[in-house]
Amino acid sequence: MTGKDAAIREEDLQAYVDGRASGERLAEIEAYLAQHPEERERVALEHRQRAALRGQLENKAAEPIPPRLWITNIQAARRRRWGWRLGAAAAGLLLFTGGIGTGWIAANRMEMASGQPTSGTTAVAENASLAYRTFVVEVAHPVEVDAQHQAHLLQWLSRRLGKPLVAPDLTSFGYRLMGGRLLPSGSGAAAQLMYDDPTGKRLTVYVRAAEGSETAFRFQHEGETSTFAWIDRGFGFAVTGALQRDELLPIAEAVYHGLSGESPAVKKD
Amino acid sequence: MADLAALLEPHIPALRRYAYALLRNHEQADDLVQDTLERALSRWSLRRSEGDLRAWLFTIQRNLHVSRWRQDRRRGVPVEMDEAVLPGVPARQETALEVHDVLAALDQLPEEQKSLLLLVGVEDFSYDEAARILGMPIGTVMSRLSRARLRLRSIVETGRTTLLRRVK
């Protein structure tokens, strides 16, 4: 290796293979390769293999991203796990989640970590609030059955709850029924109806069997989320939204009248 | 939340490609990418904001892959190549034999050489970035790259000889 050739080293050739040599250096490398056919051939082969590898993997990167790798879904799953820890620690609420959609296997014990039994409404409010936080952020599958299949949705949820369920009409508040989903709860099934307004703000109506005789509204505020919960004839109800108390109260009252009042069974849109 | 998705999602196709090239199994590759994304989200606040996000994600994924691979080795679980059937490479081309299924040949390289070839040759990381991702001294990248390519050539060459012998 003498003269100009001495300046060309293996790392120059590697950079050449990668197409990263440029300017004067590139010209020098090419001049060198012109003088060294064996090296030239080797470098060309390495370059072809590099291109072949890229070609073989090209389609993989062009595939659409599968739902399980969507960031929103991973975040929702993380939140569910986080909710589990928080719930278990704070309220004795045991909740196990797996998968998206129906993947709730939950049991709850209505006892505080201290051993003090919580009132039925508190437990309902907590369940509802947790369910709200889990699914309200869901982009891909906020509901299991959408409002287009409302008759089926209500029939299904009613059967599973063991209670005729109607979807309260909240259009006067600007909220439209999106649909609903079935959730497990300690004593059986729970139903969550989800509504949204034109800006995409969501609120939920949550129903499950509950013991207790309280009928008064119980208000709970957690982070940005407000919940009104009450119990009526063996069922617990909760209305949850990212709203202030005063904004949520009239909605909760409307739900109370529409859902657990004396005049049910009228199907509304 | 939304902007996190917007930041991360553009990198997912390349992470899947790298994972697949390492594992040669679509399901396992997506498992690895999912773990990578979960770890990235859980450590998001620890990330140095000035650092390159793409390199950071690849570093996480590579580290997860290596630690898992070590675990498998300790447990003595054989790493199955369930996709031994190779994606179609046109055999009629002149060059078909010498470049025939470089991806399969890559499997026979040690993980570090494999990753280096992928990060530099496919993912277009700079030599410095690749060195940092792989935790190797920057000064050694070029010689390691040269060795990896030499080895790849010889594997492909051996494969070709075998193939020609079989054809005869």
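Which residue stands opposite A:L203 in strand 6 of chain A? Select A:Y195: this is the residue that stands opposite A:L203.

**Before you start**

This is a predicted model, in which local features need pLDDT of at least 70, side-chain atom pairs count only at pLDDT 80 or more, and totals for chains, interfaces and linings use all residues. Residues are numbered from 1 along each chain as its sequence is written, and chains are lettered from A, ligands numbered from 1, in the order in which they are written.

**Stop 1: the sheet of chain A**

Colour chain A by secondary structure. It comes to seven helices and nine strands. Both kinds of element are DSSP runs numbered from the N terminus: helices are H or I with at least four residues, strands are E with at least two.

Now pick out the sheet. Seven strands form it, open and antiparallel, in the order 3-4-5-6-9-8-7. Two strands pair if DSSP finds at least two bridges between them. Strands of a sheet pair through backbone hydrogen bonds, either parallel or antiparallel.

Select residues 188-196 and 202-209 of chain A. These are strand 5 and strand 6, which run antiparallel and are joined by seven bridges.

**Stop 2: helices on the sheet**

Angles here run from 0 to 180 degrees between N-to-C directions; axes are lines fitted to C-alpha atoms, for helices over the stretch in contact.

Next, show helix 6 of chain A, residues 150-161. This helix packs on the sheet and touches strand 3, strand 4, strand 5 and strand 6 of chain A. Its direction makes about 25 degrees with that of strand 4 of chain A.

Of its 269 residues, 35% count as buried. Buried means 20 or more other C-beta atoms within 10 Å of the residue's own, exposed means 12 or fewer, and partly exposed lies in between, with C-beta atoms placed from the backbone. Among contacts in chain A between residues at least 6 apart in sequence, 56% join residues at least 24 apart. A contact needs C-beta atoms, placed from the backbone, within 7 Å.

**Stop 3: chain B**

Switch to chain B. It has nine helices and zero strands. Buried residues make up 33% of its 168 residues. Of the contacts in chain B with a separation of 6 or more, 62% are between residues 24 or more positions apart.

Select residues 111-121 and 127-134 of chain B: helix 7 and helix 8. They pack at an angle of about 145 degrees, with axes 10 Å apart. On the helix 7 side the contact is made by B:E112, B:S115, B:L116, B:L119 and B:V120; on the helix 8 side, by B:Y127, B:A130, B:I133 and B:L134. By class, that is seven nonpolar, one polar and one charged residues. Ala, Val, Leu, Ile, Met, Phe, Trp, Tyr, Cys and Pro count as nonpolar; Asp, Glu, Lys and Arg as charged; the others, Gly among them, as polar.

Stay on helix 8 of chain B. Its buried residues are B:E129, B:A130, B:A131, B:I133 and B:L134. Helix 8 is followed by B:G135, with a positive phi near 65 degrees.

**Stop 4: two positive phi values**

Centre on B:D124, in the loop between helix 7 and helix 8 of chain B. Its phi is positive, about 60 degrees, although it is not a glycine. B:D124 counts as partly exposed because 15 other C-beta atoms lie within 10 Å.

Then go to B:R24, in the loop between helix 2 and helix 3 of chain B. Phi of B:R24 is near 55 degrees, again positive in a residue other than glycine. B:R24 counts as buried because it has 20 C-beta neighbours inside 10 Å.

**Stop 5: the interface**

Show both chains. Here 35 residues of chain B are in contact with 26 residues of chain A. On the chain B side, helices that each supply at least two residues include helix 1 (2-8), helix 3 (26-42) and helix 9 (141-167). That side divides into 23 nonpolar, four polar and eight charged residues.

**Last stop: confidence**

Colour by pLDDT, the predictor's confidence in each residue, from 0 to 100. The mean for chain B is 81, and 73% of its residues reach 70 or more. Helix 5 of chain B is lowest, at a mean of 52, and helix 7 of chain B highest, at 97. Residues 77-96 of chain B fall below 50. Where pLDDT is low, the predicted coordinates should not be read in detail. For the complex, the predictor gives an ipTM of 0.82 and a pTM of 0.54.

Definitions and conventions: Two residues are in contact if their C-beta atoms, placed from the backbone, lie within 7 Å.
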